[in-house]
Amino acid sequence: MLDTTDPADGLRTAMRLSAQPVSVVTAQADGVARGLTVSSFTSLSLEPPLLSFALNNETLFLPVVRESGRFALHILGARQEAVAIRFALPGQTPAEQFEGVEATLDNDGTPALPHFLSRIAGTVDRVVEVGDHTLVICRVESVVLTDVGEEPLLYFDRAFRQLA
């Protein structure tokens, strides 16, 4: 058993030991497309349909999603670890992020990745700064399901994992 006197360290360790699905959130503002790998997303409500994801206040993606007011969250399958890594690397230019990724733009101009288990898109409902992160609360307008038979990509104990 690990008992820590520092609540932040304890929380970090506890969350590291909780398996999370991996997703890439995309947005575009002023012709600049950005994406970010996140594992801190959750559904908030079915009536109205809302989801949220948390972003570090320092991420280059935060101003883009704020300005665009639109998002697309792609829940990744087990075969998409390379995509998760690409969008998790800090300091990349927008061109570097999407290099070799066959992304298209949806009808609203939001970047859409080609492979995913599900793609959830909509508008930013509100943005709430909470400590060193910002909670982005989004209204869901569309959901696309593909590759339904594939296992999800998970993040657990600082590594990508698969079921089974």
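Two strands count as paired here if DSSP finds at least two bridges between them. Keep that in mind for the close-ups below, which come from a predicted model.

**Figure 1. Strand 2 and strand 3 meet in a hairpin.** Seven bridges hold the antiparallel pairing of strand 2 with strand 3. To find your place along the pair, look for Ala27, which stands opposite Arg34 in strand 3. Two residues separate the strands of this hairpin, and in the turn Asp30 has a positive phi of about 55°. Strand 2, which covers residues 23–29, is mostly covered, with six of its seven residues buried.

**Figure 2. Strand 2 also pairs with strand 6.** Strand 2 and strand 6 are antiparallel and share four bridges. One place to look is Thr26, whose bridge partner in strand 6 is Ala72.

Figure 3. Ala33 sits in strand 3. Its relative accessibility is 15%, and buried means under 20%, so Ala33 counts as buried. Setting aside residues up to four places away in sequence, Ala33 touches Ala27, Gln28, Pro94, Gln97, Phe98 and Pro111.

Figure 4. The three strands follow the order 1-11-12, with antiparallel pairing. Strand 1 (20–21) and strand 12 (159–162) are the edges, and each has a single partner strand, so one side of each is left without a neighbour in the sheet. Strand 1 is joined by two bridges to strand 11, which covers residues 153–156. In these bridges, Gln20 has Tyr155 as its partner in strand 11, while Pro21 has Leu154.

**Figure 5. A hairpin links strand 11 to strand 12.** Moving across the sheet, you come to the four bridges that join strand 11 to strand 12 in an antiparallel pair. Phe156 stands opposite Ala159 in strand 12. The hairpin has two residues between its strands, and Asp157 takes a positive phi near 50°.

**Figure 6. Ala121 is buried in strand 9.** Strand 9 runs over residues 118–130 and includes Ala121. With a relative accessibility of 5%, Ala121 counts as buried. Beyond its neighbours within four places in sequence, Ala121 is in contact with Phe71, Ala72, Arg139, Val140, Glu141 and Ser142.

**Figure 7. Phe53 and Phe71 form a tilted aromatic pair.** The whole structure holds three aromatic pairs. In the pair shown here, the ring centres of Phe53 and Phe71 are 6.2 Å apart and the planes meet at 55°, so the pair is tilted. Phe53 belongs to strand 5 and Phe71 to strand 6 (residues 70–75), so the pair ties together parts that are 18 residues apart in sequence. Both Phe53 and Phe71 are buried.

**Figure 8. Phe87 and Phe98 form an edge-to-face pair.** The ring centres of Phe87 and Phe98 lie 5.2 Å apart with their planes at 75°, so this pair is edge-to-face. Phe87 comes from helix 3 (residues 81–88) and Phe98 from helix 4 (residues 94–98), and the two are 11 residues apart. Phe87 and Phe98 are both buried.

**Figure 9. The largest pocket is lined by 29 residues.** The space in this pocket comes to about 1,100 Å³. Which residues lie nearest its centre? They are Ser39, Ser40, Ala54, His133 and Tyr155. Two or more lining residues come from each of helix 1 (7–16), strand 3 (32–38), strand 5 (49–56), strand 10 (133–145) and strand 11. Helix 1 gives the most, with five residues. By residue type, the lining of the largest pocket has 14 nonpolar, 10 polar and five charged residues.

Key. Residues are numbered from 1 along each chain as its sequence is written. This is a predicted model: local features need pLDDT of at least 70, side-chain atom pairs count only at pLDDT 80 or more; totals for chains, interfaces and linings use all residues. Side-chain values use heavy atoms; hydrogens and water are left out. Buried means under 20% relative accessible area, exposed over 50%, partly exposed in between (1.4 Å probe, protein chains only). Contact means heavy atoms within 4.5 Å. On a 1 Å grid over the protein atoms alone, a cavity is a set of points where a 1.4 Å probe fits but cannot get out, and a pocket is an open set with protein on both sides within 12 Å along at least five of seven lines; lining residues have an atom within 4 Å of a point. Grid points are joined across faces, edges and corners, and a volume is the space filled by probe spheres set on the points. Ala, Val, Leu, Ile, Met, Phe, Trp, Tyr, Cys and Pro count as nonpolar, Asp, Glu, Lys and Arg as charged, and the others, Gly among them, as polar. Rings of Phe, Tyr and Trp (its six-membered ring) pair if their centres lie within 6.5 Å; planes under 30 degrees apart count as stacked, over 60 as edge-to-face and the rest as tilted.
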